[in-house]
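This report examines how two protein chains meet in one model. Please consult the sequence and the structure shown below while reading.

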2 protein chains.
Amino acid sequence: MSQVISDFYAVIPAGGIGSRLWPLSRADAPKFLHDLTGSGHSLLRDTWDRLEPLAGSERIAVVTGRAHRAAVEAQLPGVPDRNVFLESEPRDSTAAIGLAAAVLVRREPEVIIGSFAADHVIRVPHLFQWAVQQAVAVARQGYICTIGIQPSEPSIGFGYIKKADELLVDGAPEAATVERFVEKPDLETARTYFADRSYLWNAGMFISRADVLLAEIEANNPELHAGLMELAEAWDDRDRRGPVVDRVWPGLTKIAIDYSVAEPAAEKGKLAVIPGHFDWDDVGDFASLAKLNSHGRKNDLAILGGNARILSDASSGIVVSQTSRVISLIGVQDIVVVDTPDALLVTTSEHAQRVKGVVDALKLGGRGDVL
Amino acid sequence: MSQVISDFYAVIPAGGIGSRLWPLSRADAPKFLHDLTGSGHSLLRDTWDRLEPLAGSERIAVVTGRAHRAAVEAQLPGVPDRNVFLESEPRDSTAAIGLAAAVLVRREPEVIIGSFAADHVIRVPHLFQWAVQQAVAVARQGYICTIGIQPSEPSIGFGYIKKADELLVDGAPEAATVERFVEKPDLETARTYFADRSYLWNAGMFISRADVLLAEIEANNPELHAGLMELAEAWDDRDRRGPVVDRVWPGLTKIAIDYSVAEPAAEKGKLAVIPGHFDWDDVGDFASLAKLNSHGRKNDLAILGGNARILSDASSGIVVSQTSRVISLIGVQDIVVVDTPDALLVTTSEHAQRVKGVVDALKLGGRGDVL
């Protein structure tokens with residue numbers, strides 16, 4: 001167990017439905033509320049459990065939609081009420097993380113915050129924690145620090161971070177500056193990145209002083225920054241919070257923190273990176289979920305779901321079962337079967353990315369009831 | 001509409017679960033009770049409707065399991081009570097058809113019976129009826145007559161009947177004698193049969209005088225014949241029927257009528273055949289069901305089930321839906337999805353024959369509740 005870091009606050013943005021995991025992931029049961037690893041815990045809970053040794057249970061904030069408040073509090077019985085930040089509607093990651101930063105910096109001017117998505121899977125928590133400890137040491141020097149995952153294969157599913165020079169920071173032997181971010185590459189490029197070893201996967205984890213983060217938002221998106229300040233000023237006043245949120249929140253610029261903070265900071269040489277040597281996945285689609293759950297299973301058929309009663313004859317892929325039905329698969333390869341009470345999906349790993357298209361079609365077709 | 005044939009009685013053996021159509025076909029809802037063509041009627045009802053113009057509604061008998069009595073009578077509200085023959089357990093087709101023959105011949109010594117499975121699909125009923133009319137004319141001459149389907153492709157899924165010499169019978173211009181029966185061939189052999197045109201599919205339809213059929217059973221299976229006689233003698237006496245059935249029926253030899261009657265008759269030159277020029281299928285598995293239902297459908301995805309709400313993106317095959325769930329298929333080819341309230345099957349046309357193996361595994365696994 002790591003030592004709690006006294007000036008550190010963890011922020012968990014718990015938003016995003018995960019459309020490519022429909023019909024498992026739904027508007028009222030988004031990805032972060034599911035157990036996608038068979039651990040017995042939701043991804044959100046696993047995220048909390050990884051952060052708790054670093055921040056302590058009193059210093060983990062969750063930013064989520066109003067509709068998910070009850071589910072989040074049920075998953076995280078230890079979360080203090082004042083650390084649950086409710087969005088009236090999704091305004092992307094800069095607004096979510098920026099709000100937490102703006103509120104926390106008023107409570108504690110020199111606080112270092114780290115933001116970690118609620119719906120990622122990480123194996124070997126102590127390697128994650130070691131990376132965060134280094135990142136906090138770097139953040140204390142005024143850098144914005146990210147954790148880039150050392151690739152385990154030439155993935156075309158993630159963006160990359162190109163490491164540059166070594167940074168000499170006490171307590172952070174692996175720190176380096178960031179040369180640039182690159183978008184998801186084609187396979188050939190991914191292979192050169194993989195061989196190079198200085199390209200890391202962008203896992204969207206950012207650790208910095210809250211005031212440094214806010215200054216970067218202010219430099220690039222001053223209106224958004226002003227809105228966040230207005231929200232923060234009223235936040236801890238129960239009577240004022242509601243009206244200010246209703247007035248200010250819906251007008252905030254929607255922009256990912258990668259564009260509002262990370263890339264501009266990288267250009268200015270203010271972004272650092274710690275390589276993460278742990279298994280990490282954002283479980284973006286069912287192909288990824290199948291891979292995550294197939295290790296060591298007979299015939300490589302991964303099964304997710306407590307009540308699943310599966311008969312498989314020479315089949316591979318993944319079955320996600322949320323019903324008690326008998327499910328029989330015969331001779332289907334790399335199949336994806338997601339069995340829920342009101343919707344059934346059948347596809348293959350190869351086509352897993354196209355699930356979002358189905359969700360769009362259902363929306364257009366007025367079938368919001370199953371989304 | 002054909003003229004009713006006054007000396008003709010139609011017999012519909014309605015037995016067999018159709019294991020290769022699980023989980024659509026079940027012990028308590030066997031294949032013949034399902035609408036497999038989207039006609040709005042069960043296969044049993046369609047069979048009845050094809051035969052009614054030939055025999056009249058008072059002269060169609062159904063041989064079925066005791067458990068299916070209510071369902072059969074619901075499907076066939078016009079069937080007279082005395083024409084429903086209930087089996088206490090399945091004893092194969094010679095017992096089923098032989099019982100009907102033995103009972104009917106006592107009621108009407110010169111009756112001609114034709115037996116037609118309850119779970120086959122036939123398009124263009126008037127061509128079927130024309131074949132039966134010819135077969136009855138041949139049967140009046142003392143032959144056992146079958147209807148062999150003129151193949152529409154070199155199928156390896158059916159047995160074949162090799163036509164021999166033309167038979168000169170009034171009212172049956174296409175009648176011929178049968179040289180021999182052949183089992184399901186390999187593809188190369190099937191191609192030579194298909195090119196030859198004198199090989200017809202064995203559809204298991206037999207038309208003959210009841211006394212001629214019984215004499216053939218007696219010659220080849222005298223004990224079985226004796227049992228049928230004993231049953232028939234007591235059948236129309238309400239008080240005696242039950243005890244005799246309980247005593248005699250379970251001991252009857254299980255043998256298909258192909259082996260007890262048709263093949264021996266063919267060897268003696270007593271079997272005739274009328275070629276059938278109509279579309280026919282025994283819908284033996286989901287590959288066959290897919291083919292039957294895919295004509296002219298978008299992307300060749302056949303859909304069976306009134307409440308089906310299907311979203312298909314570049315998929316082909318068949319979906320059978322018995323629930324109101326949204327079913328979404330993405331990029332799956334020749335897929336078979338059968339969605340029922342308590343069981344789900346996912347396979348491909350290629351593996352459709354292996355469904356029976358799943359049923360066997362469920363039996364062994366003590367999951368009779370879903371069979």
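**Extent of the interface**

The model is predicted. In it, 34 residues of chain B are in contact with 34 residues of chain A. The size of an interface is often given as the accessible area lost when the parts come together. Here the area buried between chain B and chain A is about 2,600 Å², and carbon and sulfur atoms give 60% of that area. On the side of chain B, the residues that lose the most area to chain A are Arg325(B), Ile330(B) and Leu344(B); together they account for 26% of what that side buries.

**Polar and charged contacts**

Across the interface of chain B and chain A, the rule finds 20 residue pairs in polar contact, with both residues at pLDDT 80 or more. The side of chain B that touches chain A divides into 20 nonpolar, 7 polar and 7 charged residues. Salt bridges across this interface number 4, while the count over all chains comes to 46.

Several elements of chain B each supply at least two residues of the side that touches chain A. They are listed here with their residue ranges.

| Element of chain B | Residues |
|---|---|
| Strand S13 | 309-313 |
| Strand S15 | 326-330 |
| Strand S16 | 335-339 |
| Strand S17 | 343-348 |
| Helix H11 | 355-364 |

S17(B) gives the most to this side, with 6 residues. S17(B) also pairs with strand S15 (residues 326-330) of chain A, in the parallel sense and over 4 bridges. Within this pairing, Ser328(A) has Leu345(B) of S17(B) as its bridge partner.

**Symmetry of the two copies**

Two copies of a chain are related by a rotation about an axis and a shift along it. In this model, chain B is superposed on chain A by a rotation of 180° with 0.0 Å of shift along the axis, at an RMSD of 0.0 Å. The two copies are thus related as by a two-fold rotation axis. Of the residues of chain B, Val346(B) comes closest to the rotation axis, its C-alpha lying at 4.2 Å. Of the interface residues of chain B, 100% are also interface residues in chain A, so the copies meet through the same surface.

**Backbone features**

Most residues other than glycine have a negative phi, and most peptide bonds are trans. In chain A, a cis peptide bond joins Trp22(A) and Pro23(A), with omega about 5°. Pro23(A) is placed in the loop between strand S1 (8-14) and helix H1 (43-55) of chain A. In chain B, Trp22(B) and Pro23(B) are likewise joined by a cis peptide bond, with omega about 5°, and Pro23(B) is in the loop between strand S1 (8-14) and helix H1 (43-55) of chain B. Val124(A), a residue other than glycine, has a positive phi near 65°. Val124(A) lies in the loop between strand S5 (121-122) and helix H4 (125-139) of chain A.

Definitions and conventions:
Residues are numbered from 1 along each chain as its sequence is written. Chains are lettered from A and ligands numbered from 1 in the order in which they are written. This is a predicted model: local features need pLDDT of at least 70, side-chain atom pairs count only at pLDDT 80 or more; totals for chains, interfaces and linings use all residues. Side-chain values use heavy atoms; hydrogens and water are left out. Contact means heavy atoms within 4.5 Å. Buried area is the accessible area (1.4 Å probe) that two parts lose on being put together, summed over both. A salt bridge is a side-chain nitrogen of Lys or Arg within 4 Å of a carboxyl oxygen of Asp or Glu. A polar contact is a pair of N or O atoms within 3.5 Å; within protein, one must be able to donate a hydrogen and the other to accept it, and residues adjacent in sequence count only if both atoms are side-chain atoms. Ala, Val, Leu, Ile, Met, Phe, Trp, Tyr, Cys and Pro count as nonpolar, Asp, Glu, Lys and Arg as charged, and the others, Gly among them, as polar. Two strands pair if DSSP finds at least two bridges between them. Copies are superposed by least squares on the C-alpha atoms of residues with pLDDT of at least 70 in both.
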